[in-house]
Amino acid sequence: MSETLLLETASTAPRRRVTAVAEHIVEVLSDSGEGAQRCGQAFAAIAARSGHGIWTLEIIPAEIQPPARSVAGASGNRIRLGGGRITNGGDEADLVVAFNEQVLIGRVAEGELKPGCLVLLESMWREDRDPAVAQAYAAAHADLVARGYRVIEIPMDRECRKLVPDPRRGKNMFVLGMLCSVYHLDLGLGREQIALTFGKKDAKVIATNVRLLEAGWAWAEEHLDFAFTIPTAQITEPQVVMNGNAALALGILASGMEICAMYPITPATSVSQHLTELFETVGGLVHQAEDEIAACAFAIGASYAGKCAVTITSGPGYSLKQEGIGLAVMAEIPLVVVDVQRGGPSTGQPTKPEQGDLLSALFGTHGDAPKIVLAVSGIEDCFYAMITARRIAETFNTVVIVLSDGSLATAQQPFPRPAFSEDWLAPPVDQSPVPEGARPYDWDEATGIFRRFIPGQPGGMHTVTGIAHDRDSHVAYDAASNEDGLRHRSLKLAALQRTLTCPEVFGDPDGDLLVVGWGSTKGAIEEAVAGLRAEGHRVASLHLRFIQPLPSGIGEILRRFARVITVEANWSDSPDDALIDEDNRRYAALAMLLRSRYLVDVGCWTESRGRPFKPGTIRAALLDELAKEKRG
Amino acid sequence: MIPVADCLLRTAEAHHDLADYRSELVPRWCNGCGDNAILTAMQRLCRDEDLAPEKTVFVSGIGCSSRLPHYMNTYGFHGTHGRALPIAEGVKLSRPDLSVFVSTGDGDCLSIGAAHWLHALRYNVDLTVLLHDNHIYGLTKKQASPTSPLGTKSNTTPMGSVLAPLNPLTITLGVQTASFVAQAVDWIPDLLYQVISAAYRHKGLSFVRILQRCPEFMPGLFDPWIQDPKRMLLLSHADGVTVGPALAKVYPNVRAHDPSDRAAARAIAEVEDPLPVGILYRDPAVPRYEELRHVGELRTVERVRRGLEAELDRFTIWPEDAATP
């Protein structure tokens with residue numbers, strides 16, 4: 001059903017039907033450079049300030065300047081807004097605003113639109129001078145209508161032209177005004193948001209954008225026959241709204257780390273970019289090295305000489321850093337490595353999220369190289385994980401790998417504003433004389449921990465080396481020294497492990513099915529589990545933050561459930577494939593780890609679709625698993 | 001980064017002798033290896049410059065050359081193959097108060113670490129870099145290196161190497177920001193000492209190629225030059241190394257060369273016979289990375305707190321600013 005004619009002929013405002021909904025998912029899509037991202041972000045911020053829970057996702061084309069009006073060029077935002085805390089991007093969209101019909105096609109094909117979804121579509125293309133464009137538009141429009149979407153054609157370009165000469169710049173604020181009207185958001189907050197967004201520009205720019213906002217709002221009030229109200233909750237404590245990469249950057253600042261060495265790589269780069277700005281005012285160095293190997297080596301050199309440094313990368317860069325990671329493990333130099341995972345192997349899918357690096361994080365680099373692996377489970381965790389990582393790296397003189405991924409990198413969510421604590425920062429570098437007779441690797445017999453001598457400390461002179469060495473840091477190829485080093489480097493993991501607390505089960509302590517997850521998928525998994533539990537299913541979930549070492553108590557939890565599966569965004573063989581059987585099936589990374597550690601028959605369900613997990617998809621997978629369990 | 005240490009007065013002026021820079025380890029280099037001469041020169045330099053052993057760091061990669069830090073009684077970092085330069089850059093940028101030296105070989109610097117070499121010249125961090133160039137991979141027992149002369153018979157080139165060697169001096173001088181380029185040979189210790197001493201005093205990355213004998217795998221390689229001192233070209237300048245009368249008697253081929261003359265330096269570097277020794281090029285005006293990046297600023301808890309709070313403000317929704325439903 002198309003409603004263009006109805007609306008265009010209507011001379012008076014249509015009667016507006018206001019529907020109360022628990023939550024909605026909105027997408028704003030445009031060609032790259034038309035500002036859908038900015039519109040989506042502003043809309044999300046206004047919604048958050050209005051007391052809605054939000055989660056936003058960026059829809060990013062892989063290229064910088066994809067061709068206009070192309071399926072692959074879709075750029076924009078998804079905003080999920082609801083009454084309470086939102087922990088993921090949700091399932092299908094309820095309402096989509098599209099600046100042209102082409103950017104919609106890919107979203108439709110990927111199943112991102114809910115049946116009957118509202119589509120607010122720029123109508124200028126219908127009368128385009130290029131007959132091919134007009135034809136493509138008409139065809140796509142007809143297809144959308146045939147699929148049952150409620151398509152509302154809106155002359156955005158024409159309306160904006162009344163205010164600005166080039167609606168390509170400004171249409172996004174018109175759309176923002178429309179969305180404020182549709183979701184009953186305060187226009188005053190919209191004006192403030194524009195002032196914040198364009199704060200660095202002059203008042204004229206802000207005024208123009210405010211007029212566009214108001215025009216969009218007025219147009220929607222006059223012409224749209226629907227609106228929605230979503231519950232709000234009054235904010236009582238200050239909240240910060242940021243994406244995962246910004247939270248990592250702020251976390252690094254808060255951790256007291258002063259040196260970051262990096263090489264540009266998607267999707268990790270924005271962490272270092274943000275950090276560069278922060279260090280400009282606070283002091284500190286972000287070094288863009290000549291390559292990933294050099295970035296890692298630089299960070300190790302900086303750490304060695306004083307305070308722990310960080311290097312930030314994504315999959316391919318993480319592979320290149322292996323040699324350096326091994327060196328830091330062997331010489332026992334603190335180092336924090338952040339891997340914002342993307343689709344792999346090789347160059348893979350640079351702009352798409354995946355959890356494919358777990359095994360290389362755990363076991364990467366040659367030889368026995370024990371290191372700590374921490375996976376952030378949400379945006380707030382991105383902030384605090386960096387503080388934890390720095391402290392562990394320095395306490396244990398070892399490497400801490402922090403795994404994030406593309407789906408947290410650009411997703412935004414409010415969380416309570418962190419309250420700064422001096423304890424987050426590292427103490428000043430020790431420059432006191434080393435006691436006579438003290439040895440550089442004076443490993444504690446039980447824990448493997450030792451006090452590192454830092455350049456500048458009189459009496460502590462020694463040469464660290466990546467070669468097998470004895471307690472004096474002298475090259476030592478003898479069997480006893482070799483095993484002495486291996487043993488103590490390994491013991492440090494056990495020493496840390498003894499301090500970790502077991503994660504809590506989400507749901508009942510026992511039941512038919514336990515879902516184990518790690519990293520960015522926490523919100524989607526718990527939403528799916530909560531839904532199933534509400535329907536009476538005996539399902540629970542467990543989310544792991546420390547993956548190496550694993551805290552005590554996990555094995556007992558696994559054994560309390562009739563069936564255990566992991567849910568992961570990486571590859572595992574499907575038992576349905578003709579060649580696959582129990583002798584050759586490749587399990588998902590975490591499943592493999594849990595099976596070997598706990599001797600529990602842990603299954604797995606995985607998806608590698610290059611997009612954040614949807615609670616609905618997980619729900620369907622869990623229902624399948626429950627049905628199997630019943631049959632079994 | 002550690003300005004406090006710089007502010008402390010040295011309560012007692014320490015004076016050191018050579019033994020203070022010798023570690024308890026006996027060098028494991030072969031008899032006649034040129035690395036021994038380099039080690040001796042370094043220990044002498046440390047003594048003469050009165051470097052505090054605890055404030056001195058020797059960084060190296062992998063190879064025979066890279067064992068040098070173990071034999072110095074200073075702090076040392078024996079790293080991974082090819083990565084001495086980025087490790088040393090990290091040390092210096094983290095701790096500008098430390099004196100940082102790099103020992104690297106022709107395989108380490110010019111092959112596996114070649115990218116780091118060029119970029120180190122770009123950064124121009126204040127490091128003294130010693131390229132121990134023996135024209136062969138020694139620790140892995142004789143494979144051709146990037147500086148092996150054409151036709152070198154080695155385990156990987158049994159019929160003789162087929163690739164022409166690269167010239168580390170011309171390449172280094174080709175990088176616009178190279179600020180100190182010199183060449184020394186292990187068999188003229190006086191000049192070796194003078195060159196590394198000037199290199200140490202240069203603020204910026206000083207690149208010193210040291211032709212170093214490997215009697216085990218390249219016996220007699222430099223004999224033509226050693227046995228015929230006329231084939232050595234000593235570069236002399238009031239602002240460079242000085243050739244005293246005793247040296248001039250042995251090495252008659254002395255040429256006045258102004259190290260600020262880049263074009264002349266390039267022309268000298270092109271020629272390997274006669275073999276130039278001395279400072280080819282020096283430009284103290286090239287900006288150093290640590291200056292450009294303002295490292296070493298005082299970073300107080302208060303400054304971090306203020307920076308963090310200001311940044312959090314940008315992302316904050318305050319209850320009082322939120323809309324009332």
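1. The model is predicted, so to speak of local features a pLDDT of at least 70 is needed, side-chain atom pairs count only at pLDDT 80 or more, and totals for chains, interfaces and linings use all residues. Residues are numbered from 1 along each chain as its sequence is written, chains are lettered from A and ligands numbered from 1 in the order in which they are written, and side-chain values use heavy atoms, with hydrogens and water left out.

2. Chain A holds an open sheet of seven strands with mixed pairing, in the order E11-E10-E12-E13-E15-E14-E20; strands are DSSP runs of E with at least two residues, helices runs of H or I with at least four, numbered from the N terminus, and two strands pair if DSSP finds at least two bridges between them. Strands E11 (285-288) and E20 (546-548) of chain A stand at the edges, and because each has a single partner strand, one side of each is left without a neighbour in the sheet.

3. Gln548(A) and Pro549(A) are joined by a cis peptide bond with omega about -5°, and Pro549(A) lies in the loop between E20 and helix H19 (554-559) of chain A.

4. In chain B, a cis peptide bond with omega about 5° joins Asp273(B) and Pro274(B), the latter in the loop between helix H10 (262-270) and strand E11 (275-282) of chain B.
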